[in-house]
Amino acid sequence: MYIPKQFKIEDKSTIYDFIENYSFATLVSQHNGEPYATHLPLVLNKSEKALYGHFALPNQQWKDAENQQILVIFQGPHCYVSPSWYETMKAVPTWNYVSIHVYGEMEIIEDHKVIIDSLNDMVKKYESPDSPYNLSEVDPNFIEGMSKGIVVFRIKITKMEAKAKLSQNHPEERQELIIKQLENTSLQDNRQIASLMKKNLQK
């Protein structure tokens, strides 16, 4: 990924936070000689430096993904930035965003306990704390049957690239004008970018 120096995120804990908060990812590999992508939620295991997830069994991407480097893209908040917000019209539009690229090696998991554990971890991550749903309370025979329709995998992380383009290449006064405009909208992504820009200015 092209990352100008001022946009690069180097702090590992910050990168991990983005991965956990924006965990619906795009997994890219070569399949049948072409780039192939699947969109799916992933769970980060920090101690293992690994990502866990699963394909639907009919999705043939898993059949050759083990033998190559995998790219996983996590897209954070993003928004349009209008030059009309600046103190001058001698400017052009741009887009602010956060994006994480993770590279790694995939392993298909066949150990039944690891498969069930990974599914439990995913349910716990996405269910709300007060949700009455608990995978361990579902009929084991039903879970067993459903698990036959998926392929669980682990991606061992070998490299991470992270970019936060937050108008750092503009003067602080202009960044503050952008923040003000973004905060005055109801769009969640706009407000999240504004918050990140504020934090960046306070460093």
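Lys125 sits over the face of Tyr126, 5.5 Å from the ring centre. Arg174 is placed over the face of Tyr86 in turn, at 4.6 Å from the ring centre. A charge counts as over a ring if NZ of Lys or CZ of Arg is within 6 Å of the ring centre and within 35 degrees of the ring normal.

The model is predicted, so local features need pLDDT of at least 70 and side-chain atom pairs count only at pLDDT 80 or more, while totals for chains, interfaces and linings use all residues. Residues are numbered from 1 along each chain as its sequence is written, and side-chain values use heavy atoms, without hydrogens and water.

Searching the whole structure gives three aromatic pairs. Rings of Phe, Tyr and Trp (its six-membered ring) pair if their centres lie within 6.5 Å; planes under 30 degrees apart count as stacked, over 60 as edge-to-face and the rest as tilted. Phe18 and Tyr22 are stacked because their planes are at 25 degrees, with the ring centres 6.1 Å apart.

Tyr80 and Trp95 make an edge-to-face pair, 6.0 Å centre to centre and with 65 degrees between the planes. Tyr80 belongs to strand β5 (residues 69–81) and Trp95 to strand β6 (residues 94–108), so this pair ties together parts 15 residues apart in sequence. Strands (E, at least two residues) are DSSP runs, numbered from the N terminus. Tyr80 is partly exposed at 40% relative accessibility, and Trp95 is partly exposed at 41%.

Notes. Helix = DSSP H or I, 4+ residues; strand = E, 2+ residues; numbered from the N terminus. Buried < 20%, exposed > 50% of the residue type's maximum accessible area, 1.4 Å probe, protein only.
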